[in-house]
Amino acid sequence: SESYAKVCDMKIEEFQGHNHFELFPSTLKDDFDEAINKRINYNVNSRPFIFPNHPDWGVTYWDLSMVPIRGMDDKVEFILFTLRDVTERHRADELIKTNEVKFRTVADYTNDWEYWKDEDQQFVYISPSCERITGYTREEFFADPLLVEKIVHPDDQTFMSKHFHEIHLTEHQQRTEELEYRIVKKDGSIVYIHHICRSIYDDHDYYLGRRVSNRDITERKRVELEREHLITELQNALEQIKTLKGIVPICASCKKIRDDKGYWEQVEAYVARHTEAKFSHGICPDCMKKLYSDYMKK
């Protein structure tokens, strides 16, 4: 046909008296000969081929089909040979495969537990890190889409159940949600989760579900709780401490102290009332000589 000649960059007259494999040698001829002998159709997809008259085209790809046409005596008299250039399709498929490998590499090796649920709340993708964070495998989550809700800590079930229900409703689909909750791992231990989810849309703004990222923040929560406990202890300790500040009026002779109401009281009474200090009484050596000089001489 004219299109066949055009694809091969030749004129129709150049094909007359020749078959395809004379002009373009290929190991495919053995397969064709076997199909003709067996009188069966032959098909092959994305067969690579380099045109000997155009090596600058590089590797091209073809869908080939051969149909033997038999005559009255049941012998093969003609062959219907069809070729379709699928080079661009093949390259596009290879690009998709390459991009998928890149996507899987990035997604599968993320440290957080990532997943995608479609508009019917069925899992489309789950990252392998789900097993490290929850103790459950991807296969277990795919088998039970509600498992992600079942492992929520009992004390957080109420607000998380509301979140899981509302987030797929049309009026909430535009929202990006961010919250924290706890889960119970497969081994019974508690894990704190930082949860963020957002809607996914295709190029035509069709809703495809929600992408979720769950991060294990258990260690951070432990540090925060320890800090809060320490702050509480310090505040309690400060409440037990009383200090004296400013100028304290004291008698130069008897050493009594005047309080805020103008009354004079003993030093130990004033200090005890304004601090946590307690006094024990004794006599210093100077006072001992003054008060008990006779006793000291003996």
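This is a short tour of a predicted model, stop by stop, with something to select at each one.

**Stop 1: the main core**

Start by selecting Trp113, Tyr115, Ile126, Phe141, Ile151, Tyr181 and Ile183. In the largest nonpolar core, which has 22 residues, these are the ones that touch the most other members. Now colour the elements that give two or more residues to this core: strands E4 (113–117), E5 (123–126), E6 (177–184) and E7 (190–201), together with helices H5 (130–134), H7 (147–150) and H8 (157–166). As background, nonpolar side chains tend to be buried together in soluble globular proteins.

Another core lies apart from this one; it has 17 residues, including Phe15, Tyr42, Phe51 and Leu64.

**Stop 2: Trp113 and its surroundings**

Keep Trp113 selected and show what is around it. Which residues is Trp113 in contact with, leaving aside neighbours within four places in sequence? The list holds Ile126, Ser127, Ser129, Cys130, Ile133, Thr134, Phe141, Val148, Ile151, Val212, Ser213 and Asn214.

**Stop 3: Ser129**

From that list, pick Ser129, which sits in the loop between E5 and H5. Is Ser129 buried or exposed? Ser129 counts as buried because its relative accessibility is 7%, and the cut-off for buried is under 20%. Show its side chain and look for the backbone oxygen of Asp112, which the side chain reaches at 2.5 Å. Beyond residues up to four places away in sequence, Ser129 touches Thr110, Asn111, Asp112, Trp113 and Glu114.

**Stop 4: Ala35**

Next, go to helix H3 (residues 28–37) and select Ala35. With a relative accessibility of 3%, Ala35 counts as buried. Which residues does Ala35 touch, not counting those up to four places away in sequence? They are Ile40, Tyr42, Met66 and Pro68. You have already met Tyr42 as one of the residues in the 17-residue core.

**Stop 5**

Finish by switching to a surface view and selecting Val67, Ile69, Phe78 and Leu80. Together they make a nonpolar surface patch of about 350 Å². Strand E2 (60–70) and strand E3 (76–85) are the elements that give two or more residues to this patch.

Zoom in on Ile69, which is in strand E2. Why does Ile69 count as partly exposed? Its relative accessibility is 40%, and partly exposed covers the range between the cut-offs for buried, under 20%, and exposed, over 50%.

Note on methods. Residues are numbered from 1 along each chain as its sequence is written. This is a predicted model: local features need pLDDT of at least 70, side-chain atom pairs count only at pLDDT 80 or more; totals for chains, interfaces and linings use all residues. Side-chain values use heavy atoms; hydrogens and water are left out. Patches are made of residues with over 30% relative accessible area and no salt bridge: like charges are joined within 9 Å, nonpolar side chains (Val, Leu, Ile, Met, Phe, Trp, Tyr) within 5 Å. Accessible areas come from the Shrake-Rupley method with a 1.4 Å probe; for residues, only the protein chains shown count as cover. A salt bridge is a side-chain nitrogen of Lys or Arg within 4 Å of a carboxyl oxygen of Asp or Glu. Helices (H or I, at least four residues) and strands (E, at least two) are DSSP runs, numbered from the N terminus. Buried means under 20% relative accessible area, exposed over 50%, partly exposed in between (1.4 Å probe, protein chains only). A nonpolar core is a set of buried Ala, Val, Leu, Ile, Met, Phe, Trp, Tyr and Cys residues joined through side-chain atoms within 4.5 Å. Contact means heavy atoms within 4.5 Å. A polar contact is a pair of N or O atoms within 3.5 Å; within protein, one must be able to donate a hydrogen and the other to accept it, and residues adjacent in sequence count only if both atoms are side-chain atoms.
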